[in-house]
Every structure is written in structure tokens, then in C-alpha cells.
Amino acid sequence: MKNIVLIGFMGVGKGSVAREIVKHSDYMAVDTDDLIESMENRKIKKIFEEEGEKYFRKLEKRVAKWLEKSVSDTLISTGGGFYKVDNLKKIGTIVLLDAPFEKILQRLQEHPNAKRKLAKRPLLQDLQKAKALYEVRRPEYLAVADIVIDVTDKSLAKIAKEILKKVKK
Ligand code: S3P
């Protein structure tokens, strides 16, 4: 099995979709933010505060190299900016979870842990800036994706099913 790489904007549900796919398949799963946090033994928020974004992006590149070289049969969920690593396409099939900015925001705000979900994401602190970032990134996400899944108002089960069907083709 080729790796599946889930990309998409912060809060679109990459982690939740990854966990759902794991339930319905033999894929192992890893998350690039989790890998970075364990490498550094500190949270993403702390890494941004203490070292800055540039340092974090370097760690993403390191993770990307390792994934390409050492990981197979795995569902890889990624941070919203991970799609920019040079070797992205060599890691696996790129699946974009796509939704309008307003829907993503709504999903985050309606979550039982909304406060924590927003607080842990340094680039979501200013919603106007986050929206501008979304506008810049969306065409770039579309350009690198092998498969685009519109996740708007769909259940996790339906999204997972769609992805598994499309990657098998
Ligand atoms: C980022 C998204 C975050 C995390 C970091 C930067 C981004 O991951 O990697 O805060 O640049 O969009 P999520 O997409 O899981 O929120």
C-alpha cells in the first residue's frame, strides 16, 4: 500500500479523518505535528513561541525526508503548512480535505474543546489573517493534490469511505 498523505487547512479534520480511516483499514497512522512534538518534547505552540515559525518549517522538512525514506503502508496526517515540503509527492498519494473557510471555522467553534483547539494553533489566533492565509493556500493545496475530497457537511464515515475507494483506483 502506498502511503496516504492528508493535507488541508487547520481545523478541516485531518486528524479525525485519519483516525476514522484507521478504524476501517489496515493502515498505520502518524501525524507530522505529533512527530515534531515528540522529537522536540514540546508542543507546537511552544515551538512557535520559543523558536519561531522558520524553525518549525525546518522540522517539517526533516520529518518529510524521514517519511519518504522510512515509512510505508501508512496514513499520514499533516499540519496545514506541511504541503510545502519539497518531496511531498514522493511520500505518497496526496489527498486534500477541502472545505470553505467559514465551514472550517464553524467546525472548530462548535467542537466541545473549541477553546483548546483554537488556542493550540498559533496561526489561528487572528482570524482575519487566518482567512487571508486560507485564500493564499487553497489554490496551492489544489495544485499539489492527487485527490480532492469535499468534506463539507459529510460524516467522518462517508469521508473515510470516499478516500479509501479513490486511493484503490
Ligand atoms: C500549521 C498548522 C498546524 C501546525 C502549525 C502550523 C499551518 O497543524 O502544523 O500550527 O501552517 O497551517 P493543523 O493543520 O493540524 O492545525
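## Around the ligand and beyond

The S25 side chain comes within 3.3 Å of the backbone nitrogen of Y27. That is a polar contact, meaning a pair of N or O atoms within 3.5 Å; within protein, one atom must be able to donate a hydrogen and the other to accept it, and residues adjacent in sequence count only if both atoms are side-chain atoms. S25 has a second one, too: a polar atom of its side chain is 2.7 Å from the backbone oxygen of I21. You'll find S25 in the loop between α1 and β2 (28-31). Helices here are DSSP runs of H or I with at least four residues, strands are runs of E with at least two, and both are numbered from the N terminus.

A quick word on the ground rules. This is a predicted model, where local features need pLDDT of at least 70 and side-chain atom pairs count only at pLDDT 80 or more, while totals for chains, interfaces and linings use all residues. Residues are numbered from 1 along each chain as its sequence is written, and side-chain values use heavy atoms, with hydrogens and water left out.

### The ligand

Now to the ligand, which sits in the largest pocket. A pocket is worked out on a 1 Å grid over the protein atoms alone, as an open set of points with protein on both sides within 12 Å along at least five of seven lines; its lining residues have an atom within 4 Å of a point. To sit in it, a molecule needs more than half of its atoms within 2 Å of the grid points. Two elements give two or more residues to the shell around the ligand: α3 (44-51) and α4 (53-70).

There are 14 residues around the ligand, and K14, D33, R57, R121 and R137 come nearest; a residue is near if one of its heavy atoms lies within 4 Å of the molecule. Sorted by class, the shell holds six nonpolar, three polar and five charged residues. Nonpolar covers Ala, Val, Leu, Ile, Met, Phe, Trp, Tyr, Cys and Pro, charged covers Asp, Glu, Lys and Arg, and the others, Gly among them, count as polar.

On its own the ligand has 380 Å² of accessible area, and the protein covers 94% of that. Accessible areas come from the Shrake-Rupley method with a 1.4 Å probe, and for residues only the protein chains shown count as cover.

T78 belongs to the loop between β3 (74-77) and α5 (88-91), and its side chain reaches the backbone oxygen of L6 at 2.7 Å. With a relative accessible area of 3%, T78 is buried; the cut-offs are under 20% for buried and over 50% for exposed, with partly exposed in between.

S16, in helix α1 (residues 14-23), is buried as well, at 17%. S16 and A160 are 144 residues apart in sequence, and their C-alpha atoms are 9.7 Å apart.

### Loop residues

N41 is exposed, with a relative accessible area of 71%. D153, in the loop between β5 (147-150) and α9 (156-168), has a positive phi of about 55° too, and is not a glycine either. D153 is exposed at 67%.

H111 lies in the loop between α6 (101-110) and α7 (114-119) and counts as partly exposed, at 27% relative accessibility. From H111 to G92 it is 19 residues in sequence and 30 Å in space, C-alpha to C-alpha. S72, found in the loop between α4 and β3, is partly exposed at 48%. S72 and M10 are 62 residues apart in sequence and 25 Å apart in space, C-alpha to C-alpha.

Technical notes
1 Å grid on protein atoms, 1.4 Å probe; cavity = no way out; pocket = protein on both sides within 12 Å on 5 of 7 lines; lining within 4 Å. Buried < 20%, exposed > 50% of the residue type's maximum accessible area, 1.4 Å probe, protein only.
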